[in-house]
Amino acid sequence: MAISSSSNTVRTSTYWIQIAFFSVVVLFNICLNLQVLTVGLAYFYDPEWWKVHVWLVRGYSGLTLLLLGLVFLSPFPKRVRGLTISMPVLLALQFITIHLNPPLPLPLSLSVLHPLIGFSLFSASTTLVHRTQHFIFPKPDDESDVNLTKF
């Protein structure tokens with residue numbers, strides 16, 4: 001009896017770690033969406049929105065380190081772990097491309113890569129939300145998209 005009680009406790013704590021991870025992933029993705037919105041507002045509407053854009057990234061960038069810690073506290077698929085590891089790397093590249101402009105033999109600076117890396121970060125974050133959701137909340141077989149296409 002003690003063994004099953006212990007294993008239930010481990011399963012429960014693992015589940016709550018996964019729920020916390022999913023919650024932080026969703027929060028990170030919402031912040032990233034807001035950041036994309038604010039850069040658009042700054043460029044097309046009012047340059048004052050740039051301050052919000054900068055403030056957002058400084059505020060939510062620490063979430064990637066929290067995700068990095070949580071992903072190793074609970075069993076997750078390799079794909080989820082890989083995407084989680086890529087996010088602080090991509091965020092660091094974002095900081096490098098916008099703040100460091102070493103002289104290059106090219107006529108372009110590294111800052112031209114900033115939007116591309118931002119798109120990659122957005123894509124990785126959105127994919128991570130979906131992968132984590134499917135892992136933690138799997139669909140029953142009778143509700144899968146494959147069965148819906150048979151009609």
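Good morning, colleagues. In this structure, the lining of the largest pocket draws at least two residues from each of α1 (2-44), α2 (49-60), α4 and α5. Please bear in mind throughout that this is a predicted model.

Let me stay with that pocket. The space in the largest pocket comes to about 490 Å³. Its lining consists of 21 residues, and those closest to the centre are Gln 35, His 53, Gln 94, His 114 and Gly 118. What is the make-up of the lining by class? There are 14 nonpolar residues, six polar residues and one charged residue.

I turn next to the surface. Phe 72, Ile 85, Val 89, Leu 93, Ile 96 and Leu 100 together form a nonpolar surface patch of about 510 Å². Of these, Leu 100 is placed in the loop that runs between α4 (78-99) and α5 (114-136).

Finally, the charged contacts. How many salt bridges does the structure hold? There is one. Its partners are Glu 48 and Lys 51, whose side chains meet at 3.0 Å, N to O. Lys 51, at 57%, counts as exposed, because the class of exposed residues begins over 50%.

To summarise, I have described a pocket of about 490 Å³, a nonpolar surface patch of about 510 Å², and one salt bridge, formed by Glu 48 and Lys 51. Thank you for your attention.

Conventions. Residues are numbered from 1 along each chain as its sequence is written. This is a predicted model: local features need pLDDT of at least 70, side-chain atom pairs count only at pLDDT 80 or more; totals for chains, interfaces and linings use all residues. Side-chain values use heavy atoms; hydrogens and water are left out. Patches are made of residues with over 30% relative accessible area and no salt bridge: like charges are joined within 9 Å, nonpolar side chains (Val, Leu, Ile, Met, Phe, Trp, Tyr) within 5 Å. Accessible areas come from the Shrake-Rupley method with a 1.4 Å probe; for residues, only the protein chains shown count as cover. A salt bridge is a side-chain nitrogen of Lys or Arg within 4 Å of a carboxyl oxygen of Asp or Glu. Helices (H or I, at least four residues) and strands (E, at least two) are DSSP runs, numbered from the N terminus. On a 1 Å grid over the protein atoms alone, a cavity is a set of points where a 1.4 Å probe fits but cannot get out, and a pocket is an open set with protein on both sides within 12 Å along at least five of seven lines; lining residues have an atom within 4 Å of a point. Grid points are joined across faces, edges and corners, and a volume is the space filled by probe spheres set on the points. Ala, Val, Leu, Ile, Met, Phe, Trp, Tyr, Cys and Pro count as nonpolar, Asp, Glu, Lys and Arg as charged, and the others, Gly among them, as polar. Buried means under 20% relative accessible area, exposed over 50%, partly exposed in between (1.4 Å probe, protein chains only).
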